[in-house]
Amino acid sequence: MTATKSGIYARYLKRIFDFIFALLFSFVLLPVFLILSITGAIAMHGNPFFVQLRPGRIDPKTGREKVFYLIKFRSMSNITFADGRLLPDSKRLNRYGKFLRHTSLDELPQIFNVLMGSCSFVGPRAQLVRDMTFMTPEQRRRHTVRPGITGLAQVNGRNNISWEQKFDLDLQYIDNGITLKNDLKILFRTVFKVVKVEDVVRKGTASDMDFGDWLLAHGKITEEEYRQHLQEAQDFIHESGLA
């Protein structure tokens with residue numbers, strides 16, 4: 001993998017700033033967290049939080065992505081068919097869930113991921129472990145830095161651009177040099193996007209399609225390759241010890 005361009009900010013100050021502001025926001029936004037937790041528990045008939053394993057930054061000791069639990073407010077219920085299968089996303093996404101997504105309030109708990117060091121405020125978005133196994137070695141270079149709550153791809157189309165465009169923008173963020181100036185630009189543009197409620201979901205869909213499903217739907221991989229990568233994802237999670 002190509003070495004990441006990094007200066008003093010990227011190597012030291014970025015993490016310090018992340019921790020300080022995550023700690024500050026966790027106190028300032030505590031009333032919001034409490035309100036959304038209670039409201040979510042009622043609207044979702046149970047646990048208001050959504051926790052999922054995601055690949056983080058590559059551990060230099062192992063050369064593999066370090067898996068962590070990403071925390072969000074739950075925006076879809078767990079309603080199932082009689083046989084136990086989950087209903088389609090459009091059926092599980094209720095009015096409260098749509099409100100969370102359109103306002104991006106579902107992302108707020110990720111502040112605790114930043115506080116714990118598994119995420120940064122700005123960086124390539126943490127995708128699913130299964131998505132990671134479908135990436136090329138070049139695309140997985142996005143994992144040489146901490147994943148972010150927002151990033152260059154999120155302010156340049158988010159869910160209205162292709163997966164390949166997203167990954168290109170993630171690498172562009174890394175290769176152009178991670179600086180305080182660029183991070184601040186992305187943060188300000190993110191606020192603007194959230195206020196305007198732009199690019200939350202791909203037009204005509206309830207949620208974005210997983211990377212592997214997208215590759216299969218566009219004929220870029222075979223059914224056999226698809227199944228192999230899904231098994232690889234399961235093995236990766238099992239080997240992480242967090243399954």
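The model is predicted, so local features need pLDDT of at least 70, side-chain atom pairs count only at pLDDT 80 or more, and totals for chains, interfaces and linings use all residues. Residues are numbered from 1 along each chain as its sequence is written, and side-chain values use heavy atoms, with hydrogens and water left out. The structure holds twelve aromatic pairs and two cavities of 30 Å³ or more.

**Aromatic pairs**

- Rings of Phe, Tyr and Trp (its six-membered ring) pair if their centres lie within 6.5 Å; planes under 30 degrees apart count as stacked, over 60 as edge-to-face and the rest as tilted.
- There are twelve such aromatic pairs in the structure. One of them joins Phe-33 and Phe-112, with 5.2 Å centre to centre and 45° between the planes, a tilted pair.
- This pair links distant parts of the chain: Phe-33 belongs to helix H2 (residues 30–43) and Phe-112 to helix H5 (residues 110–116), 79 residues apart. Helices (H or I, at least four residues) and strands (E, at least two) are DSSP runs, numbered from the N terminus.
- Phe-33 counts as buried because its relative accessibility is 6%. Phe-112 is partly exposed, at 32%. Buried means under 20% relative accessible area, exposed over 50%, and partly exposed in between (1.4 Å probe, protein chains only).
- Trp-163 and Phe-167 also pair: their ring centres are 5.6 Å apart and their planes at 40°, so the pair is tilted.
- Trp-163 and Phe-167 are four residues apart in helix H7 (residues 163–175), so about one helical turn separates them.
- Trp-163 is buried at 3% relative accessibility, and Phe-167 is buried at 1%.

**Cavities and a pocket**

- Rolling a probe the size of a water molecule over the atoms shows where empty space is left.
- On a 1 Å grid over the protein atoms alone, a cavity is a set of points where a 1.4 Å probe fits but cannot get out; a pocket is an open set with protein on both sides within 12 Å along at least five of seven lines; lining residues have an atom within 4 Å of a point.
- Grid points are joined across faces, edges and corners, and a volume is the space filled by probe spheres set on the points.
- The largest cavity holds about 40 Å³ of space. Its lining includes Pro-55, Arg-57, Arg-142 and His-143.
- That lining divides into five nonpolar, two polar and four charged residues. Ala, Val, Leu, Ile, Met, Phe, Trp, Tyr, Cys and Pro count as nonpolar, Asp, Glu, Lys and Arg as charged, and the others, Gly among them, as polar.
- The second largest pocket has about 490 Å³ of space. Of its 22 lining residues, Arg-57, Ile-58, Thr-144, Val-145 and Arg-146 are the closest to its centre.
- Helix H1 (8–28), strand S1 (49–59) and S2 are the elements that give two or more residues to the lining of this pocket. H1 gives the largest share, five residues.
- By class, the pocket lining has seven nonpolar, seven polar and eight charged residues.

- Glu-65 is in strand S2 and is buried at 6% relative accessible area.
- The Glu-65 side chain makes polar contacts with the side chains of Arg-140 at 2.9 Å and His-143 at 2.8 Å.
- Arg-74 lies in the loop between strand S2 (64–73) and helix H3 (89–92) and is buried at 14%. The Arg-74 side chain reaches the backbone oxygen of Phe-49 at 3.1 Å.

**Positive phi angles**

- His-45 is not a glycine, yet has a positive phi of about 55°. His-45 is in the loop between H2 and S1 and is exposed at 74%.
- Ser-104, also not a glycine, has a positive phi of about 65°. Ser-104 lies in the loop between helix H4 (95–103) and H5 and is buried at 12%.

Conventions. A polar contact is a pair of N or O atoms within 3.5 Å; within protein, one must be able to donate a hydrogen and the other to accept it, and residues adjacent in sequence count only if both atoms are side-chain atoms.
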